[in-house]
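Dear colleague,

I am passing on a structure for you to look through, and the notes that follow set out what was found in it. Please read them with the model open beside you.

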Amino acid sequence: MNVPDPAPNPAPDPAPIMELIDAFRRSKTMFAAVSMGVFEALDEGPADASSLAARLLGPAAGAGPLERLLDACVGMGLLDKRDGAYANQPVAETYLCDHSPLSLTGYVLYSNEALFPMWTHLEDAIREGTHRWTQTFGWHGSLFDHFFKTDERRRSFLRGMHGFGQLSSAPVAAAFDLSRFRRMADLGGATGHLAMAACERYPQLRTAVFDLPLVIAMARDYVAASTARDRIEPIAGDFFRDDLPRADLYSLGRILHDWPEDRIRLLLSKIYEALPAGGALLVAEKLLNEDKSGPTSVHMQSLNMLVCTEGRERTLTEYAALLREAGFASVEGRRTGAVLDAVLATKAGP
């Protein structure tokens, strides 16, 4: 008597693999549409593919290739299409047009022109444990020194980072009760989005935005637009080299993840020494789970740090070890549900 072989186990659903195979194509489609000015052009009103091709590519350009890009953006929910005319969806109008205070176009362009090319060398970054800007662009020295050497590039990047800050700074400022502090200095504060959020939440607080002179020159316009502008002071300086502004609360937003431990120790020690007894440091970073099982967005950012900086993302325990080594008596962490989480480290009181 023949016994039939047991039915093989069904193959797993390939959908996660297929989605990942396709993921970079979707990113690059959005990058290209932003780079070519699609969303900015449609911000002026709906248009068909032919008129957009003439405006964006020149009068002799055919509409067919651009139409493929536009239709892909419709499929991804970025554009609407009615009777052959394309229009921005609200999500594109909010995050992919320069006029919006929440615009992320600067960071999209940075992703397209700097990060996307460097990520093609991820394997080499993993093998060698170092950033890829020299391999990708032939540059020696800091990526920021080279990529942002023009005012236009700096403004574009800062505009994108301001958009990110608008998404994360208010939840970070609300993560802990900061009402006992009177003077905050946001080190490497860029456009001042965290200082603005803190001042707007805490009416007793005065803040300083401390960053490099070229950044501060551009940040003044952002600060001037805040309802708390009279309590925000832009100050030019280098937090590694210069004296820090006086404060009983310092903040570091997306700073520590840029650096290896030796540089972090130097900066934290400097901050600790500058703080009065009972003062504190507010850190805004993505936090890995303690077993490093996620979140996936933090894994991706940590790989991004490998590719383009000397830093990485960390767990709360890893940050706490660095902060306690610097002298801080207590360290608390909060998940905010936003782009960045929050850590508050306090210096012992008198």
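Met18 belongs to helix 1, which covers residues 15-35. Please keep in mind throughout that this is a predicted model.

As for the protein chain in general, its secondary structure comes to 15 helices and 12 strands, and its C-alpha atoms fill a box of roughly 75 × 75 × 40 Å when the box is taken along the principal axes. The chain has 350 residues, of which 45% are buried, while its accessible surface comes to about 17500 Å², with 55% of that surface belonging to carbon and sulfur atoms. If we take the contacts between residues at least 6 apart in sequence, 67% of them join residues that are at least 24 apart.

**Salt bridges**

Side chains of opposite charge can pair when their charged atoms come close, and in this structure there are 19 salt bridges. I describe some of them here, beginning with a pair inside one helix.

The side chains of Arg25 and Asp22 meet in a salt bridge, with a distance of 3.9 Å from N to O. Both residues lie in helix 1, where they are 3 residues apart, or about one turn of the helix. Arg25 has a relative accessible area of 47% and is therefore partly exposed, and Asp22, with a relative accessible area of 30%, is partly exposed as well.

A second pair is made by Asp98 and Arg159, whose closest N and O atoms are 3.5 Å apart in a salt bridge. Because Asp98 lies in the loop between helix 5 (90-95) and helix 6 (105-119) whereas Arg159 lies in helix 10, this pair ties together parts that are 61 residues apart in sequence. At 36% relative accessibility Asp98 counts as partly exposed, and Arg159 is partly exposed with a relative accessible area of 24%.

Glu332 and Arg334 also meet through their side chains in a salt bridge, here at 3.4 Å from N to O. Glu332 counts as partly exposed at 34% relative accessibility, and Arg334 counts as partly exposed at 35%.

Beyond these pairs, there is a network of salt bridges that links Glu261, Lys292, Arg312, Arg314 and Glu318.

**Backbone geometry**

Most residues other than glycine have a negative phi, and most peptide bonds are trans.

The phi of Lys292 is near 60 degrees, which is a positive value in a residue other than glycine. Lys292 lies in the loop between strand 9 and helix 14, and since its relative accessibility is 38%, Lys292 counts as partly exposed.

Pro295 is found in that loop too, between strand 9 (287-288) and helix 14 (296-308), and the peptide bond that leads from Gly294 to Pro295 is cis, with omega near -10 degrees.

Arg254 likewise has a positive phi in a residue other than glycine, in this case near 55 degrees. Its place is in the loop between strand 7 (249-253) and helix 13 (261-274). Is Arg254 buried or exposed? With a relative accessibility of 15%, Arg254 falls under the 20% limit and so counts as buried.

**A residue of helix 10**

Helix 10 (residues 151-174) also holds Phe157, which counts as buried because its relative accessibility is 15%. How far apart are Phe157 and Arg183 in sequence and in space? They are separated by 26 residues in sequence and by 28 Å in space, the latter taken from C-alpha to C-alpha.

With kind regards

Terms used:
Residues are numbered from 1 along each chain as its sequence is written. This is a predicted model: local features need pLDDT of at least 70, side-chain atom pairs count only at pLDDT 80 or more; totals for chains, interfaces and linings use all residues. Side-chain values use heavy atoms; hydrogens and water are left out. Helices (H or I, at least four residues) and strands (E, at least two) are DSSP runs, numbered from the N terminus. Buried means under 20% relative accessible area, exposed over 50%, partly exposed in between (1.4 Å probe, protein chains only). Contact means heavy atoms within 4.5 Å. Accessible areas come from the Shrake-Rupley method with a 1.4 Å probe; for residues, only the protein chains shown count as cover. A salt bridge is a side-chain nitrogen of Lys or Arg within 4 Å of a carboxyl oxygen of Asp or Glu.
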